[in-house]
Amino acid sequence: MTKKPLIKRFSHTDLDGVGSALLLPAVLSKFPEFAEAEYLGVTYCEPGNEGTIDPNVLAFIAENKEPITHLFITDICPSEEVVEKLAAYCKEKAIEWRIFDHHISSIAINAAFPDNSRVIVQDETTGLKHAGTTVLFKEIVGKMPTELFDDQQWGQLANVADCIRCYDCWDWQANPAAAYKEEAKDFNNLFYFFSFDKRVQLMEAVMANGLTYLEQYQDIITAMQEKEADYIKGKLKHARFGTLAGLHFAYTFGEQYQSSLGNAMAQLVNPATDEVVDFSLVIVGEGVSLRAVKDDVDLSRIAKRYFNGGGHQKASGGSFFKQELFVFDQDTDTTMRLLEIASR
């Protein structure tokens with residue numbers, strides 16, 4: 001008797017992470033061998049020093065008692081050391097495992113685990129930048145979502161997956177030919193409007209019903225658009241400037257709309273140099289969100305070196321660790337110690 005698949009998932013907490021984790025069963029359900037598969041709850045992981053996926057994977061290895069047959073990690077990647085431990089565990093337990101990621105900071109995992117790791121930054125056929133959702137879609141379905149918009153079997157999921165990719169890769173703003181423009185940004189803003197459990201429920205509904213499900217939230221989306229514009233305008237007035245590794249950056253505190261705020265700040269002119277900054281830094285508690293619009297700046301390297309993080313060339317993140325810098329928060333009228341700008 002064939003053993004019924006039991007699947008474990010790990011993923012990131014953002015739109016693409018939740019999207020890829022929930023896209024997986026939607027895609028696999030269309031294949032006969034997974035028609036009756038059962039899924040354990042998703043372990044969602046934050047990136048950065050205190051939230052890296054490593055402890056979650058190690059805890060799973062130490063504590064799991066479920067007869068898992070398949071394990072998938074989407075939109076986030078453990079360190080090579082932890083992947084080695086996971087590979088050994090899965091071999092011992094006869095678990096099939098795969099990593100579907102798109103962050104350039106994790107690309108080395110491909111060489112170390114070529115049979116299990118699919119970290120792909122850009123698609124070789126379409127030239128489009130990948131998100132976790134589209135790496136998963138391309139590897140399992142065989143084509144990019146943009147190639148299957150009108151397909152009877154895959155069309156609905158293809159549109160959802162590419163809308164998520166369009167936002168996560170900032171394609172909605174940078175690519176004039178992107179299939180989705182404001183829809184991608186609106187989807188992300190609506191996603192963050194809710195508590196995390198509600199975000200998951202929203203994504204489950206969108207996977208089941210398609211992007212048209214979002215139409216019922218148009219009043220909320222419109223109100224959020226207006227609120228976002230006012231918020232970013234106010235934050236830009238309080239932007240400050242600094243240098244790191246020979247690069248000039250603008251920074252501010254931002255509890256909301258970090259991506260849009262970061263992108264707007266990355267286009268500011270530094271009054272000390274009369275030139276557009278090299279990147280922006282949005283501070284959220286102990287975390288940091290980095291954005292750039294310049295092609296010659298690789299934020300994945302900056303994030304990895306200074307913030308124990310990673311990500312994309314123009315969009316990365318991480319957290320504060322041992323670095324320190326005193327900056328003044330205009331909103332709370334307080335001074336905070338954040339990072340020490342190294343001269344090396």
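Asp 123, Glu 124 and Lys 138 are joined in a network of salt bridges. The model you are looking at is predicted, and it holds 12 salt bridges in total. Let's walk through three of these pairs, starting with one from the network.

**Glu 124 and Lys 138**
- The side chains of these two residues, Glu 124 and Lys 138, meet in a salt bridge at 3.3 Å, N to O.
- This pair links distant parts of the chain, with the partners 14 residues apart.
- Glu 124 sits in the loop between β6 (117-119) and α5 (132-141), while Lys 138 belongs to helix α5.
- Glu 124 is exposed because its relative accessibility is 62%, and the cut-off for exposed is over 50%.
- Lys 138 is buried, with a relative accessible area of 12%.

**Asp 278 and Lys 294**
- Here, a salt bridge brings together the side chains of Asp 278 and Lys 294 at 3.1 Å, N to O.
- Distant parts of the chain are linked by this pair too, as Asp 278 and Lys 294 are 16 residues apart.
- You can find Asp 278 in the loop between β10 (275-276) and β11 (279-284), and Lys 294 in the loop between β12 (287-291) and α12 (299-307).
- Asp 278 is buried at 12% relative accessible area, whereas Lys 294 is partly exposed at 23% relative accessibility.

**Asp 171 and Arg 165**
- The side chains of Asp 171 and Arg 165 form a salt bridge at 2.8 Å, N to O.
- Asp 171 counts as buried because its relative accessibility is 11%, and buried means under 20%.
- Arg 165 is buried as well, with a relative accessible area of 1%.

Definitions and conventions
Residues are numbered from 1 along each chain as its sequence is written. This is a predicted model: local features need pLDDT of at least 70, side-chain atom pairs count only at pLDDT 80 or more; totals for chains, interfaces and linings use all residues. Side-chain values use heavy atoms; hydrogens and water are left out. A salt bridge is a side-chain nitrogen of Lys or Arg within 4 Å of a carboxyl oxygen of Asp or Glu. Helices (H or I, at least four residues) and strands (E, at least two) are DSSP runs, numbered from the N terminus. Buried means under 20% relative accessible area, exposed over 50%, partly exposed in between (1.4 Å probe, protein chains only).
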